[in-house]
Amino acid sequence: MASKAIKRRPCSSESDQTSEKTMETTVSDPVTEPLLGNGPHEEKTKRYEPATRSDFWDGTREECLRLAHLLSIFIAQSARKIVNVLSEFGSLIARLFGCSSAPQSSQNGQTVPLNLSPLQVERLKLLRQRLDVPYDCSSVKHQDALKELWRLAYPNRQLPPLKSDLWKEMGWQNSDPSTDFRAGGFMSLENLIYFARNYPDSFHRLLHKAEGKRAEWEYPFAAGGVNISYMLVQMLDLQSGKISTKAGVHFVQLLEDDEAAFDNLFCVAFQVLDAQWLARRASYMQFNEVLKSTRVQLEKELTMGCISSVQDLPSFRMLKR
């Protein structure tokens, strides 16, 4: 095609346009380059090939790529430095404005609390001591606490004996409530009493299953509370020597301003469990599933950032005094 174009070339502007087309074809289509140089007219055509221009652009392209590579390295290094500076600045601001104990990751990938105040350390110690106390049916103090729970639950009813089928109405699984405390210990009874004293409206609504469409086989209120206490202890990792869960790390920060943070969290957890129970239209055999989803919800709320008290949790709004 290139030879044909040269043979019919007149001395006109059309000729110039044709030669330009021929040059473009030769340069832009490398597949046809081996066909050039087969005829006597190809030497003439070759003189019109911008070979030096192609070499120039090839060299320029390589130089541009090298410069672009160097520029990308410089930008990446600068970005990393900027991120590090901003991170350090953010940590400084957080420490200055109330998030001084924000959780950080340790070398082994676990999350540990840092910079606990003496008050937080002391309250955490007291909380752990409460965990170690089992329910003792022979203890007068423990018996009196169980009686107090009955009075708070049924203020207009006569107190039954410590072993009676009437206790099943509260949600104990046997006529002897002491057999249900194995998992939660004495602290779970304290949690229920705290719930009844501080949020009596919510306590009685849950006790009497006053809201929503209920299943024929409901979860037992009192025994359910014991399970909630045990779940919270596991979720917050309170029994280990060093708290390693994110929820636990965030929780210990709340002890600074709230000595009863665990008891308040228990009340929120009970309300969340009942709300999810109704939403799922659950029955007795699904209790463990609802308890797990309650834990997930609480972990999410505790770690959402800058929660300074249990009252800041979104689910706290469901509680009524």
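Reply:

**Helix packing around H11**

H11 has 20 residues and spans 28 Å between its first and last C-alpha, close to the 28 Å expected at 1.5 Å a residue. Of those 20 residues, 16 are buried, so H11 is largely enclosed by the rest of the structure. After H11 comes Arg281, which has a positive phi, near 55 degrees. All of this is read from a predicted model, and local features are considered where pLDDT is at least 70.

For the setting, the protein contains twelve helices and two strands, and along the sequence these follow the pattern α-α-α-α-β-β-α-α-α-α-α-α-α-α. Of its 321 residues, 38% count as buried. Among contacts between residues at least 6 apart in sequence, 65% join residues at least 24 apart.

H11, residues 261–280, is included in what covers the buried residues of helix H5, as are helix H7 (185–198), helix H9 (221–236) and helix H10 (246–254). H5 itself runs over residues 118–131, and its 14 residues reach 20 Å from the first C-alpha to the last, close to the 20 Å expected at 1.5 Å a residue. Its buried residues are Gln120, Arg123, Leu124, Leu127 and Leu131. Viewed down the axis of H5, these buried residues fall within an arc of 105 degrees, so they line one face of the helix. In general, an α-helix has 3.6 residues a turn, so residues three or four places apart point the same way.

H11 also takes part in covering helix H8, for the cover over the buried residues of H8 includes H6, H7, H9 and H11. The residues of H8 that are buried are Ser202, Phe203, Arg205, Leu206 and Leu207. H8 is followed by Lys209, whose phi is positive, near 50 degrees.

The packing of H8 with H6 can be described in more detail. The axes of helix H6 (residues 140–153) and helix H8 (residues 200–207) come within 11 Å and cross at roughly 90 degrees. With angles of 65 to 115 degrees counted as roughly perpendicular, H6 and H8 are therefore roughly perpendicular to each other. On the H6 side the contact is made by Leu149, Leu152 and Ala153, and on the H8 side by Phe203, His204 and Leu207. Sorted by class, this contact of H6 with H8 has five nonpolar residues, one polar residue and no charged residues.

Ala196, which has its place in helix H7, touches Leu152 and Phe203, when residues up to four places away in sequence are not counted. Ala196 is buried, with a relative accessible area of 6%. Ala196 and Arg321 lie 125 residues apart in sequence, yet 9.4 Å apart in space, C-alpha to C-alpha.

Elsewhere in helix H6 is His142, which is buried, with a relative accessible area of 6%. With residues up to four places away in sequence left out, His142 touches Val133, Pro134, Tyr135, Asp136, Phe186 and Leu189.

Definitions and conventions: Residues numbered from 1 in each chain as written. Predicted model: local features only at pLDDT ≥ 70, side-chain atom pairs only at ≥ 80, totals over all residues. Heavy atoms only, no water. Axes fitted to C-alpha atoms, helices over the stretch in contact; angles between N-to-C directions. Helix = DSSP H or I, 4+ residues; strand = E, 2+ residues; numbered from the N terminus. Parallel < 35°, antiparallel > 145°, perpendicular 65-115°, else oblique. Contact = heavy atoms within 4.5 Å. Nonpolar A, V, L, I, M, F, W, Y, C, P; charged D, E, K, R; others polar. Expected span 1.5 Å × (residues − 1). Buried < 20%, exposed > 50% of the residue type's maximum accessible area, 1.4 Å probe, protein only. Arc of directions from axis to C-beta.
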